Amino acid sequence: MNVNNSFVIKHALAFNAFFVLNYLAWLIGFQSIAPVIFTGLLIYFCYFAVDSFKFKHALPLLVILYLGLLSLGTVATSWDARSIWLFHAKRIFIDNSIFAQLDDYAIWSHNDYPVIAPLLSASFAKLIGFWNEIFPKASNVFFILPPLLIFYGHINNNRLFTLMVIGIFYIIAKLLLNGYMDGILALYALSTLIIAKYYFYDKQNVGLLFILQSIVLVNIKIEGFFIFAVIIASIFLTKPHITYANLKRYIICLVPIIFWALWKFIVHAHGVVNYIYGGLATNNLISLLDHVKSRFQPDSLLMIFEHTLLFKYYLLLALPLLFYRKIVNVQLDQIIKASLLFFALYWLFLFTVYVLTPHDLYWHLKGSATRTTLPLQLISLWIPILILKNYLSHKG
Amino acid sequence: MMRKKILIDASLFVLVILSSLKFYQSYDHVFFKSFLESGGNETAVYPEVIEIHQMVTNYHLKDYRLDGNLLNGLPLQRIVEFTYPIKLNSSSHFLFLSNTTENNDIGLLPSGCKLVEEGLRVNLYECE
């Protein structure tokens with residue numbers, strides 16, 4: 001990290017550790033200590049606040065306090081927030097079990113979805129002692145903090161970080177506060193890519209942060225695992241020299257994969273099926289091929305391209321070209337190359353999902369593409385900021 | 001140089017304010033209710049959902065079923081979420097039907113059911 005002390009790594013690591021600890025406590029049946037963990041999180045947050053002012057790194061704290069106050073003034077009314085994430089959290093809180101949703105009651109609520117964020121809301125509710133329609137959602141704001149700290153540490157410039165935050169407010173907007181997971185997932189996608197850069201390229205001592213960050217990433221939403229795979233592929237493919245010693249570093253990727261597989265196994269053991277996979281499983285190979293063939297018709301392809309490639313924020317990627325003469329000498333470092341490769345590979349993943357979806361293509365794209373493309377929109381903001389950062393340091 | 005820095009900071013400040021407007025579009029002004037037990041209920045769900053929840057609580061129902069308009073996508077989902085841990089059960093003796101002029105489902109009432117409570121938007125029946 002460029003921040004000249006361990007401020008960013010220490011706090012990002014600690015907050016992620018609280019999320020994973022809370023997850024593990026519920027998983028192994030120690031849910032009675034969940035309110036203690038949440039109290040610990042609140043106390044640690046106070047310590048972080050003091051540290052932020054002491055070391056003059058208050059910007060991430062101010063952003064989180066602002067979002068926290070806004071979140072406590074907003075009720076969850078949107079579909080995914082109410083019917084999936086907060087309903088799961090409510091069920092976990094009331095049934096006092098991480099497995100509450102796995103009886104497959106209210107099948108529309110996607111009972112196979114991971115639960116790391118609902119668990120934090122459930123712990124918050126256990127601490128307060130009851131459930132309502134406002135405060136449990138506010139615990140999601142804590143998940144925004146580790147990514148913000150990582151951006152802050154990497155950018156290492158208050159003005160550029162403010163610009164990044166403004167961009168995040170524009171791109172993710174209310175999805176940061178309304179109980180949806182897509183905004184948090186996009187922030188985790190980008191911040192994990194950055195930490196992966198420090199771990200794999202620069203061989204910095206951030207292995208534990210990378211593991212915890214990745215565990216949270218793969219447990220936020222189903223896409224989290226695929227985003228993790230895309231991050232590893234992007235890092236691996238842009239690394240210039242691959243040696244046996246480097247390859248050994250990839251072994252720790254197994255830890256988040258184990259966490260992901262464990263939840264998959266639990267879901268499978270309860271007979272709960274994912275709605276996309278469930279739809280495909282009913283197809284035999286020939287009908288599946290017919291289905292894919294039908295999606296390769298011009299109309300369907302155009303629809304997919306239109307919904308996944310036409311976002312105004314992608315234009316931000318073109319911004320550096322306007323200043324080409326000024327930045328011509330600025331080196332495209334590995335993180336920029338990895339970010340661009342991430343963009344391409346993640347788009348390919350989305351394309352495959354929409355080709356395979358058993359649902360009506362227009363309905364599926366209309367209802368999800370704005371949110372599933374958030375990591376790409378965020379990368380489109382991130383790359384010009386990185387180039388600007390490199391330009392400013394090149395200029396001296 | 002100093003003026004340039006002030007200009008940049010002022011521009012960033014204006015941009016922060018402008019980007020924050022995105023949040024205020026969906027701000028519900030419920031901050032002071034955020035730790036009340038029924039905080040945000042009226043904003044979060046339809047009035048008929050609150051009415052059903054009250055009846056479920058008042059009559060200590062163990063389960064319930066719905067018919068007509070209440071079975072449509074959103075009302076159904078909101079009722080199921082809001083009344084949890086009391087669950088929807090298609091073989092329950094307790095039936096909720098919408099009684100509003102826009103969605104009057106009383107015609108769907110099966111024989112052998114007696115009215116338990118007539119609400120402003122929904123009726124609760126006990127069926128054999």
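Q: Which residue does Leu95(B) stand opposite in E5(B)?
A: Leu95(B) faces Tyr125(B) there. This is a predicted model, where local features need pLDDT of at least 70, side-chain atom pairs count only at pLDDT 80 or more, and totals for chains, interfaces and linings use all residues. Residues are numbered from 1 along each chain as its sequence is written, while chains are lettered from A and ligands numbered from 1 in the order in which they are written.

Q: In what sense do strands E3 and E5 of chain B pair?
A: Strand E3 (residues 94-98) of chain B runs antiparallel to strand E5 (residues 122-127) of chain B, over five bridges. Two strands pair if DSSP finds at least two bridges between them. Strands (E, at least two residues) and helices (H or I, at least four residues) are DSSP runs, numbered from the N terminus.

Q: And what about strand E4 of chain B and E5(B), how many bridges?
A: Five bridges, in the antiparallel sense, with E4 covering residues 113-118 of chain B. Glu118(B) has Asn123(B) as its bridge partner in E5(B). A hairpin of three residues links E4(B) to E5(B).

Q: Switching topic, how is chain B divided into domains?
A: Domain 1 of chain B is 2-33 and domain 2 is 46-127. Those bounds come from an automatic or database domain assignment.

Q: How far apart are the C-alpha centres of the two?
A: The centres of domain 1 of chain B and domain 2 of chain B lie 44 Å apart.

Q: How many residues does each chain put into the contact?
A: Chain B puts in 31 residues and chain A 32 residues. Two residues are in contact if their C-beta atoms, placed from the backbone, lie within 7 Å.

Q: Which helix of chain B gives the most to the side that touches chain A?
A: H1(B), with eight residues. Helix H1 (2-24), helix H2 (41-44) and helix H4 (73-83) of chain B each supply at least two residues of that side.

Q: What is chain A's secondary structure?
A: Chain A has 21 helices and zero strands.

Q: Why call chain A as compact as a globular protein of that length?
A: Because its radius of gyration is 21 Å, close to the 21 Å that the globule rule gives for 396 residues. The radius is taken over C-alpha atoms, and the rule is 2.2 Å times the number of residues to the power 0.38.

Q: What does the C-alpha trace of chain A span?
A: About 60 × 55 × 45 Å along its principal axes.
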